[in-house]
Amino acid sequence: MFTVRRWWDRKGWQSVLLMVVIAGAWMLRQTQGALLLELYQTIASPFKMLQPGISIEEPIRDARLLELQTRVADLESQNQKLKNLLGYVKEESPSSHLIPARVVGRSADHWWQQVTLDRGTNAGIQEGFTVKADGGLVGLIESVTPNTSRVLLISDLKSLVGVTVSRTSAKGVLRGDSSSEAVLEFYEKVPNVKIGDLVATSTYSQKFPSGWAVGKVISLDLKRAPSPVARVELFPPIRSLDWVTVYPKTGNGD
Amino acid sequence: MKISRFSGNRQRGPKLSKKSLIQPLARWHPGTRQLVNWLVMFGSVLLCLLMLPTRFPGMELLGIGPNWLLIWVVSWSVKRSVFAGIIAGIILGLLQDGMTSPDPTHAISLGIVGGLTGLIQKQRFIQEDFISIALIVFGMAVLSETIFGLQLVLMGDYSGESVWAYYQRVALASAILNSLWAPVVYYPLNHWWQKIKLLEQF
């Protein structure tokens, strides 16, 4: 009798604890690990000073140049159109309130391309804000905790960005490929595009501001069955992001 | 089985133990020991969770880091029952969901990994420890990547082609990396659990 009771005492306790643990794990899952991320941020913050700053100047400057080149090409084509539509003036929202942030963590899984930033709602970041690094668009804020935020990178498999080829305004969707390249699927059957063309975010994009540099076309497959595709080399160094800038959501839906 | 000679007398434990750390451990109250055991369990899982987003130099291969939770699940279930393995896998899978995208869930792949590792019954068939653990982790990493890839395809939001292309690139790298780092998690945890098991047999 005694042994049975003792067994029950131990197993009973164990099953209660097990339930508590499962419930806790489920809660963490539903809150997107907010508690864990905060803890991670607390632990990681002293170590940030040890990380080397931006050490490789050359590729950064290169990326910057490419970004500006894309901007210029985009502005030129836009300017041409504006001349045609004489009198058309587009109101640009003043790009105030930028939030600089630093990458403190990478993705916790091979399949998703995410990074964790060291700023959150306390710094004014909200879900849906866009993230930019030297070189151009990097991603979208996916979830926020008080002191951290998680960014879905444009190289992720589930990321979709409406983009346009700056030279010819050929439109398409940029799909991530979990690498430093992405796949651009065109809407048109015969898009006017060639290797080396620069790609920027499209005015059609609901989630991202238009005219941000994204990448450069490095190969083309125009005979692909559902829609022609191009491989695009992304300008921002997705693999080694350090400092990024978070931009508030812009109403680009008009 | 050697332990059975000592016939449950805790007073004699210290004299008989070979390893020095057992001596203080054996004198502890069983409740305290249980508590410390839970703390070690939670602490190691928490450490593995917090290691997931970091990439220390040398830990990266093709842009991916080791899946510490998978290594933990294998270390846990290798000397335990199938049920314990499945439960641990599901719990850690839910935790990993919290650290990254929750859809599709990681609980399925890690649960299956835990169950299968429990099924192997390593202690009965394989005596040697390190290489067999590395091999088990290697196989389980490939398995979990496969299951996760299948989940992605079955969800229907992703084209099978792109998932397959990524799977080919990542499965082998992940398996190699995980099996190389497996002893780092396995050795201390196994050491501790062996000791606890030894003491509970008194």
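Predicted model: local features only at pLDDT ≥ 70, side-chain atom pairs only at ≥ 80, totals over all residues.
**Figure 1. Chain B as a whole is built from helices.**
Chain B contains nine helices and zero strands. Read along its sequence, the pattern is α-α-α-α-α-α-α-α-α. Of the 202 residues in chain B, 50% are buried. Contacts in chain B between residues at least 6 apart in sequence can be sorted by separation, and 69% of them join residues at least 24 apart.

**Figure 2. Chain B meets chain A at an interface.**
On the chain B side, 42 residues are in contact with 33 residues of chain A. Together the two chains bury about 3,400 Å², and 66% of this area is on carbon and sulfur atoms. Across the interface, 10 residue pairs are in polar contact, counting pairs with both residues at pLDDT 80 or more. Helix 3 (30-51), helix 5 (82-99), helix 8 (130-155) and helix 9 (160-200) of chain B each give two or more residues to the side that touches chain A. By class, that side of chain B has 23 nonpolar, 13 polar and six charged residues.

**Figure 3. A salt bridge links the two chains.**
The count of salt bridges between chain B and chain A is one. Its partners are the side chains of Arg29(A) and Asp97(B), with a distance of 2.7 Å from N to O.

**Figure 4. Helix 5 of chain B is seen along its length.**
Helix 5 of chain B has 18 residues, which at 1.5 Å a residue should span 26 Å. In general, an α-helix has 3.6 residues a turn, so residues three or four places apart point the same way.

**Figure 5. Arg150(A) touches residues of both chains.**
Arg150(A) is part of strand 5 of chain A. Its relative accessibility is 2%, so Arg150(A) counts as buried, the cut-off being under 20%. Not counting residues up to four places away in sequence, Arg150(A) touches several residues of chain A, including Leu37(A), Gln114(A), Val115(A) and Leu140(A). From chain B, Arg150(A) touches Gly98(B), Met99(B) and Thr100(B). The side chains of Arg150(A) and Gln32(A) are joined by a polar contact of 2.5 Å. Leu98(A) is 52 residues from Arg150(A) along the chain, and the C-alpha atoms of the two are separated by 17 Å.

**Figure 6. Ser143(A) is a contact partner of Arg150(A).**
Ser143(A) lies in strand 4 (residues 136-144) of chain A. With a relative accessible area of 14%, Ser143(A) is buried. Leaving aside neighbours within four places in sequence, Ser143(A) is in contact with Glu127(A), Ser149(A) and Arg150(A).

**Figure 7. Ser159(A) sits in a loop between two strands.**
The loop that holds Ser159(A) runs between strand 5 (149-153) and strand 6 (160-165) of chain A. Is Ser159(A) buried or exposed? Ser159(A) has 5% relative accessibility, so it counts as buried. A polar atom of the Ser159(A) side chain lies 3.4 Å from the backbone oxygen of Ile154(A). Beyond neighbours within four places in sequence, Ser159(A) is in contact with Leu152(A), Leu153(A), Ile154(A), Leu174(A), Arg175(A) and Gly176(A).

Definitions and conventions: Residues numbered from 1 in each chain as written. Chains lettered and ligands numbered in written order. Heavy atoms only, no water. Contact = heavy atoms within 4.5 Å. Buried area = accessible area lost by both parts, 1.4 Å probe. Salt bridge = Lys/Arg side-chain N within 4 Å of Asp/Glu carboxyl O. Polar contact = N/O pair within 3.5 Å; in protein donor to acceptor, adjacent residues only side chain to side chain. Helix = DSSP H or I, 4+ residues; strand = E, 2+ residues; numbered from the N terminus. Nonpolar A, V, L, I, M, F, W, Y, C, P; charged D, E, K, R; others polar. Expected span 1.5 Å × (residues − 1). Buried < 20%, exposed > 50% of the residue type's maximum accessible area, 1.4 Å probe, protein only.
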